[in-house]
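Visitor: Could you walk me through some side-chain contacts in a protein? I'm new to this, so please go slowly.

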Amino acid sequence: MSVTYRVNFENAHKHLYNVTLEIPAHQQRTLHLSLPAWIPGSYMIRDFAKSIINLKANIVDTPLDITLIDKQHWSINTNGNACTVSYQVYAFDSSVRTAYLDQNRAFFNGTSLFIAVDEFTHELQQVELIAPTFTKQWKVATGLQRNTATPVYSFGTYYSDNYAELIDCPVEIGNFTALTFTVADTPHYIILNGKHYADTERVIKDVAKLCQHHIDLFEKETDGKPPFNEYWFLTNILPSGFGGLEHKNSTALLCSTFDFPNKNKPDELADGYKTFLSLVSHEYFHTWNVCRIKPEEFVPYTLDNESYTKQLWAYEGITSYYDDFSLFRTGIISFEDYLTLKSKTISRVNRGNGQLKQNLIESSFYTWTKFYQQGADAANNIVSYYTKQVAQWLAADKNS
């Protein structure tokens, strides 16, 4: 059995996704619905259910009562019959963590869009992306598995083996630039959605070097074969912006229009481009470190409330150490450039008194409130588990 989500974009001018959820006949009298409160990789309760509008359920044309359990849980009594759940999602957040929709671009994480049927979370999940009528220019990019009748970049039917996989595959839609390359016999896609002036050949060359480096680092025992069939860099380009969120076979990235190399200046390696490549390196490294090598507390993720761990310093700190280091190892930047980047990291740590008051374990454990929801006193009382771990390793290298 499988559930099917249908996503309609016709209310893009209102920033509203129209979603219908088709649930087949089943043996349970009552079904339980839920939506995650946070998204893996971003450790803060975001209450995605607050963006759900007009939630309804029907058996054919007969309305069903929806019982409200709490802010993100509902139940419906279906007597085992097939039914349809319909709702809208308000989407106007251009970050990598939630969802966005207007007549120029669509983006969403499943944690924002797909209400789970708890009794079906281990079953096949189908997604039908319905092409909008207001444009013929949009294409689709996602790590979701494609139906055999759905070519790459096309609207149509996608699927995942279970709900956990469904919400781990963000979707980027628009009139984007699509770059492709192959590393370790595996296709990789770089999606650039937004205005840019990039030297795309150089972007492909540099990103491919980083991907090969990370695969060589982690997959020595598997003949260099990565743990995915394809990989997607879903990049949203704004006049200014920065961010990334890791997933098992993709990453959502946010960067600036001016973070790319200029084909008219082939010898120039601008700071913005170094930052972009470091971000790419960081999120691709996460393919292994935290997406597959993760704390016991995250197996499986508990997404309806906080899931505490004392080990984020290892998953984010070690990744942060290797992101810039990989740029040096692949020859993209010089050793002098690498030292310059790391000196800035050390300076960020040393500028605040928080490093003297909070250790890495505490920084990891309290990330839900102290790091992701920083108060005015943050610089004096907390430290980032990203940067402090890097600073400590660099100090150890210096003293060894």
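Guide: What follows is a talk about aromatic rings, a surface patch and salt bridges. Please keep in mind from the start that this is a predicted model.

Visitor: Okay, rings to begin with. How many aromatic pairs are there?

Guide: The structure contains 45 aromatic pairs.

Visitor: Which residue lies over the face of Tyr-366?

Guide: That is Lys-370, at 5.7 Å from the ring centre of Tyr-366.

Visitor: Switching to the surface, which residues form a nonpolar patch there?

Guide: Ile-53, Tyr-90 and Phe-92 make up such a patch, and together they have about 280 Å² of accessible area. Of these, Tyr-90 sits in strand β8, residues 83-90, and it counts as partly exposed because its relative accessibility is 40%, which falls between the cut-offs of 20% for buried and 50% for exposed.

Visitor: Now salt bridges. What does Glu-128 pair with?

Guide: Glu-128 forms a salt bridge with Arg-6, and their closest N and O atoms are 3.1 Å apart. This links distant parts of the chain, as Glu-128 is in strand β12 and Arg-6 is in strand β1, 122 residues away. Arg-6 and Glu-128 also belong to a network of salt bridges that includes Glu-22.

Visitor: Arg-105 and Glu-172 meet in a salt bridge too, so are they buried or exposed?

Guide: Both Arg-105 and Glu-172 are buried, and their salt bridge has an N to O distance of 2.6 Å.

Visitor: Last one: which parts does the pair of Lys-342 and Asp-324 tie together?

Guide: Lys-342 lies in helix α6 and Asp-324 in helix α5, so their pair connects parts 18 residues apart in sequence. The closest N and O atoms of this salt bridge are 2.9 Å apart. Lys-342 is buried, with a relative accessible area of 4%, and Asp-324 counts as buried at 8%.

Terms used: Residues numbered from 1 in each chain as written. Predicted model: local features only at pLDDT ≥ 70, side-chain atom pairs only at ≥ 80, totals over all residues. Heavy atoms only, no water. Phe/Tyr/Trp six-rings, centres within 6.5 Å; stacked < 30°, edge-to-face > 60°. Lys NZ or Arg CZ within 6 Å of the ring centre and 35° of its normal. Patch = residues over 30% accessible without salt bridge, like charges linked within 9 Å, V, L, I, M, F, W, Y side chains within 5 Å. Areas by Shrake-Rupley, 256 points an atom, 1.4 Å probe, with all protein chains shown as cover. Salt bridge = Lys/Arg side-chain N within 4 Å of Asp/Glu carboxyl O. Helix = DSSP H or I, 4+ residues; strand = E, 2+ residues; numbered from the N terminus. Buried < 20%, exposed > 50% of the residue type's maximum accessible area, 1.4 Å probe, protein only.
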